[in-house]
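My notes follow in the order in which I looked things up.

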Amino acid sequence: MIFVTVGMHYQGFERLIKMMDEIALELDEKVVMQIGHTKYEPINADWFRFIKKDEVIKDLINKSRLIIAHGGAGTILTILLERKPMIIVPRLKKFEEHFDDQQIELAEVLVNFNGVSVIYDVDYLKEEITRLGKNTNIHFEIRADLIHYLRRTVGE
Amino acid sequence: MKIALVCSHGGHLTEMLRLIEAFEGQDVFFVTYISPRTEHLSYRNYLIKNIGTNPFRMMVCLFKTISIFGNEKPDCVLSTGSEIAIPAMLLAKVIGIRTIFIESWCRISTKSFTGRILYYIADEFLVQWPQMLKVYGKKARFEGAVI
C-alpha cells in the first residue's frame, strides 16, 4: 500500500493529488490519500480529508510500504518516528500550495538520509515510486534530546 | 507545576505531542485551535478559532487567553508555535509567568514569523537545529530536537 498525506494546511495540494490519482490507475498497488483542503477528489484511489484521531494516521503509515508526503514538519516527524521510507513533495508558493517556500528547507536536509527522496516536479513522481523498491529501509538516528532537556528544565 | 501548552493544530501540535512525555507528573493543559483533530485531544484543553493572518482574531484570541490564564493561573507557558503563541506570551510576560518558546523543527535556515517576534519576549528561546543559533543571535539556545 502507498499512503499519500498533505496534512492540515489551509491550502489544497492539487498538483500532488491529481498526479497521484493518475498514477494510482497504473499501479498494481492500493493507494490511500489524505487530501486535506484539496478541491480535486480522486477517482482511482481511496481518500478522505482529515482524520479525527492521530492513531489512524499512524496506523495507515505503518500499513504502507511507502509514504508520499507534503513537506510539513508534523507529517515528516510522524513518518520518521514510524521508520517508513518516504517521498517528500514540498508545497510550493508558485502553485498556491503554501504562503511561502519554507517546506523546501526541511526537505533539503532530509534528502541526505537513506529512504528519503524529494520530488519538486510531480512529473517524476511515478519513476521515483518505482525506483524506491519494496525493501528500502530508513536510516535516521532518533535522539530526541529536547525531551530530556525539557524534563530537566521544567521539573526544576 | 502547571504548564500551559500553546500551539496551533497541525505540525506544531504534532511537535508538542512528541514533547509531552517531558511533562509527566506536571499539571498541563492545551490552548490550541478548533479543528476535527483537536476536538479529540486526550488532554485538558481550550480551543480557539484559528487566527491565521487576521489582526481582529488575534485580539479575540488575546481576550480569550486572558480569561483562560485568569482561570487556570499557569506557572509556565510553553509553545512550539505558531502565531497563537504571540498573544499568550505577551500576556504571560505582562503578568510575570515564565515563558519557553521552541522554534519549529522545520526551521533550519530561516526565522518563522512567530519566532521573529517572540525572540524578544520569551524567557527561554530554543531552536532545534544548531545552524539556527547564528540566524537568531545570542539569546537562542540549542538543546536538541524533537527527534
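**Strand pairing in chain B**

I began with B:Leu5 and found that its bridge partner in β2(B) is B:Phe30. I note for the record that this is a predicted model, in which local features need pLDDT of at least 70, side-chain atom pairs count only at pLDDT 80 or more, and totals for chains, interfaces and linings use all residues. Residues are numbered from 1 along each chain as its sequence is written, while chains are lettered from A and ligands numbered from 1 in the order in which they are written.

I then looked at the strands themselves (helices, H or I, of at least four residues and strands, E, of at least two are DSSP runs, numbered from the N terminus). Strand β1 (residues 2-7) of chain B runs parallel to β2(B), and five bridges join them; two strands pair if DSSP finds at least two bridges between them. Between these strands the chain passes through α1(B), and this β-α-β crossover is right-handed, that is, the path from the first strand over the helix to the second runs clockwise with the strands pointing away from the viewer.

I followed β2(B) to strand β3 (residues 45-48) of chain B, with which it pairs in the parallel sense over four bridges, and I saw that B:Val31 stands opposite B:Tyr46 in β3(B). Strand β2 (residues 27-33) of chain B is mostly covered, with five of its seven residues buried (buried: 20 or more other C-beta atoms within 10 Å of the residue's own, with C-beta atoms placed from the backbone).

**Helix α4 of chain A**

In chain A I looked up helix α4 (residues 103-110), whose buried residues are A:Gln103, A:Ile104, A:Leu106 and A:Ala107. They lie on the same side of α4(A), because they cover an arc of only 165° around the axis, taken from the directions from the helix axis to the C-beta atoms. Among what covers them I listed α3 (73-81), β5 (86-88) and β6 (116-118) of chain A.

**Contact between the chains**

I found that the contact takes 28 residues from chain A and 31 residues from chain B (contact: C-beta atoms, placed from the backbone, within 7 Å). On the side of chain B that touches chain A, helix α1 (residues 11-19) of chain B gives the largest share, five residues. The residues of that side divide into 13 nonpolar, 12 polar and six charged, where Ala, Val, Leu, Ile, Met, Phe, Trp, Tyr, Cys and Pro count as nonpolar, Asp, Glu, Lys and Arg as charged, and the others, Gly among them, as polar.

Technical notes: Two residues are in contact if their C-beta atoms, placed from the backbone, lie within 7 Å. A residue is buried if 20 or more other C-beta atoms lie within 10 Å of its own, exposed if 12 or fewer, and partly exposed in between; C-beta atoms are placed from the backbone.
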